[in-house]
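Visitor: I'd like a close look at one part of this model, please. Pick a spot and walk me through what surrounds it.

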Amino acid sequence: MSRAIPSVLVLHGPNLNLLGTREPDIYGATTLAALNAQLESDATELGLRLHAQQANGEGELVDALHNAVGTHAGVVFNPGAYTHTSVALHDAIRAIEIPVLEVHLSNLYKREDFRQRSLTGAACIGVIMGFGPDAYRLALHQLHRRLGADP
Ligand code: DQA
C-alpha cells in the first residue's frame, strides 16, 4: 500500500522577511526566498512536501501552529524574537500533537543576555542553532528521520 507524502511546515517568525539585508553580519546574506527555495529542494530529495510561511505577528504564528494540525506532519520553526518572550507560542507548541523543531540562524549563546532564554525551545522536541541557513536544513533532515521512525 502506498503511503501519503508527509508535509512539513517551515514557519518563520518576525523580521525574518528581511533576511539578506537585516544585520547580514549576524544573519548572513541569504534571502528568505533563497532559503525557502533551498529547503524546497531538500524536501523533494527527502520525499517530503514543504510549505513555507512567514509572519510578524505572535497571534498569526499561534494560528499557523494550530492550523498545522491535520495538514502537516511536523514543523520547523524559527520564532525570532518571540523565542525569548512568548508564553503563548510555548503553549501553542505544547498544545499541538505534531513535532516542532526550533531553529535559529545565530548561536544565541554567543549573544546578548536577553537572548539566553528560549521559552519556545522548552516546548520543542529539539533546537538547532548557529549554522545560518544550514540550521533549517539540519532540522528538516532530523524531522525526516523522526517522521520515518514514527509515522
Ligand atoms: C533569531 C535569533 C533571535 O534572537 C532574533 O530575535 C531573531 C533571529 C535567529 O534566527 O538567530 O529574529 O531567531
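**A serine and the ligand site**

Guide: Let's start with Ser106, whose side chain makes a polar contact of 3.0 Å with the side chain of Arg111. A polar contact here is a pair of N or O atoms within 3.5 Å; within protein, one must be able to donate a hydrogen and the other to accept it, and residues adjacent in sequence count only if both atoms are side-chain atoms. Keep in mind that this is a predicted model, so local features need pLDDT of at least 70 and side-chain atom pairs count only at pLDDT 80 or more, while totals for chains, interfaces and linings use all residues. Numbering runs from 1 along each chain as its sequence is written, and side-chain values use heavy atoms, with hydrogens and water left out.

Where does Ser106 sit? You'll find Ser106 in the loop between strand E4 (100-104) and strand E5 (126-129); strands (E, at least two residues) and helices (H or I, at least four) are DSSP runs, numbered from the N terminus. Ser106 counts as buried because its relative accessibility is 7%, and buried means under 20% relative accessible area, exposed over 50%, partly exposed in between (1.4 Å probe, protein chains only).

Both partners of that contact belong to the ligand's shell, where you'll meet Arg22, Tyr27, Asn78, Gly80, Ala81, His84, His104, Leu105, Ser106, Leu108, Arg111 and Arg115. By type, the shell splits into four nonpolar, five polar and three charged residues. That count takes Ala, Val, Leu, Ile, Met, Phe, Trp, Tyr, Cys and Pro as nonpolar, Asp, Glu, Lys and Arg as charged, and the others, Gly among them, as polar.

Now for the close approaches. A polar atom in the Asn78 side chain comes to 2.8 Å from a ligand oxygen. From the side chain of His104, an N or O atom is 2.8 Å from an oxygen of the ligand. With Leu105 it's a backbone N or O atom that lies 2.8 Å from a ligand oxygen. How much of the ligand does the protein bury? Alone, the ligand exposes 320 Å², and the protein buries 99% of that; these areas come from the Shrake-Rupley method with a 1.4 Å probe.

The ligand takes up the second largest pocket. A pocket is found on a 1 Å grid over the protein atoms alone, as an open set of points with protein on both sides within 12 Å along at least five of seven lines. A molecule sits in one if more than half of its atoms lie within 2 Å of its grid points.

For some contrast, take Ala4, in the segment before strand E1 (7-12). Ala4 counts as exposed because its relative accessible area is 70%. Leu9 lies in strand E1 itself, and Leu9 is buried, at a relative accessible area of 1%. Its C-alpha is 8.1 Å from that of Phe77, 68 residues apart along the chain.

Key
Near = heavy atom within 4 Å. 1 Å grid on protein atoms, 1.4 Å probe; cavity = no way out; pocket = protein on both sides within 12 Å on 5 of 7 lines; lining within 4 Å.
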